[in-house]
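Hi there,

Here is the structure I promised to pass on. My notes on it follow below; have a look at them whenever you get a moment.

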Amino acid sequence: MKLELHPLCTLFPRIEGAEFEALKADIASNGLRQPIVIHDGFILDGGNRYRACIELGIEPEIIEFDGSNIVSYVLSANLRRRHLSPGQQAAIVATATNWESAQSHGGSRQAGVLPLETVAERAAISGANEKTQRDADKLVKNHPELAKEVTQGKKSLYKAVQETKPVAQKEEFDTSNDMAQLADDLQKENEAFQRQIKSL
């Protein structure tokens, strides 16, 4: 039976093309070095590795998640090792927060829950500035389909937010805030690329 992705796992874009072929080649040569982590029968971490194994005809090693909080685990495992823009990271954290709130509704909140209740706490997890996080929070709450495009890297957070504004508001351009956000986002993207170069 083929395993499906956990909703939290789907927040992160799947790798495709040359990057996915490189992953397959690595697994074919060196085997699966990290097992696939599942929770309640769904893939919590390792969706790309699992797909590569299936395509290669390799039986993947699968282990059950044994931690206390799946949101914390998924964000920790994926936010820093992937090449995501600050807007993507903010939207992913905002969406994960919404998912966690929905799951914990009625007082069944998981132990070891992440501190995601304030904008500052969510920004600290995502690595984005508070304005970016606030924009992502609002987008996820009011326009979940647009937010999904942001998490998948199909649209920038800035562009998605602009699409939600009335035409008159779009024409009002707050240069200082927008330029500060752009500079901050570019710096974080540069740091992510530097980490990627070092890892190579």
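Let me start with one side chain: a polar atom of the asparagine 78 side chain lies 2.9 Å from the backbone oxygen of valine 74. Please keep in mind that this is a predicted model. Asparagine 78 belongs to helix H3 and has a relative accessible area of 3%. That counts as buried, because the cut-off is under 20%. Leaving aside residues up to four places away in sequence, asparagine 78 touches Phe12, Asp45 and Leu84.

Now for the rest of that helix. H3 spans residues 70-78, and its buried residues are Ile70, Val71, Val74, Leu75, Ala77 and Asn78. They sit on the same side of H3 because the arc they cover around the axis is only 165 degrees. What do the buried residues of H3 pack against? Their partners are strands S2 (36-39) and S3 (42-45), together with helices H4 (86-103) and H5 (119-126). At the start of H3, asparagine 69 has a side-chain oxygen within 3.2 Å of the backbone nitrogen of valine 71.

There is also a helix pair to look at. Helix H1 (residues 17-30) and helix H2 (residues 47-56) have axes that come within 9 Å and cross at roughly 65 degrees, so the two are roughly perpendicular to each other. Their crossing is right-handed. On the H1 side, the contact is made by Phe20, Leu23, Lys24, Ile27 and Ala28. H2 contributes Asn48, Arg49, Arg51, Ala52, Cys53, Glu55 and Leu56.

Best wishes

How values were computed:
Residues are numbered from 1 along each chain as its sequence is written. This is a predicted model: local features need pLDDT of at least 70, side-chain atom pairs count only at pLDDT 80 or more; totals for chains, interfaces and linings use all residues. Side-chain values use heavy atoms; hydrogens and water are left out. Buried means under 20% relative accessible area, exposed over 50%, partly exposed in between (1.4 Å probe, protein chains only). Helices (H or I, at least four residues) and strands (E, at least two) are DSSP runs, numbered from the N terminus. The arc is that of the directions from the helix axis to the C-beta atoms. Contact means heavy atoms within 4.5 Å. A polar contact is a pair of N or O atoms within 3.5 Å; within protein, one must be able to donate a hydrogen and the other to accept it, and residues adjacent in sequence count only if both atoms are side-chain atoms. Axes are lines fitted to C-alpha atoms, for helices over the stretch in contact, and angles run from 0 to 180 degrees between N-to-C directions. Angles under 35 degrees count as roughly parallel, over 145 as roughly antiparallel, 65 to 115 as roughly perpendicular and the rest as oblique. A crossing is left-handed if the near helix is turned anticlockwise from the far one by less than a right angle, and right-handed if clockwise.
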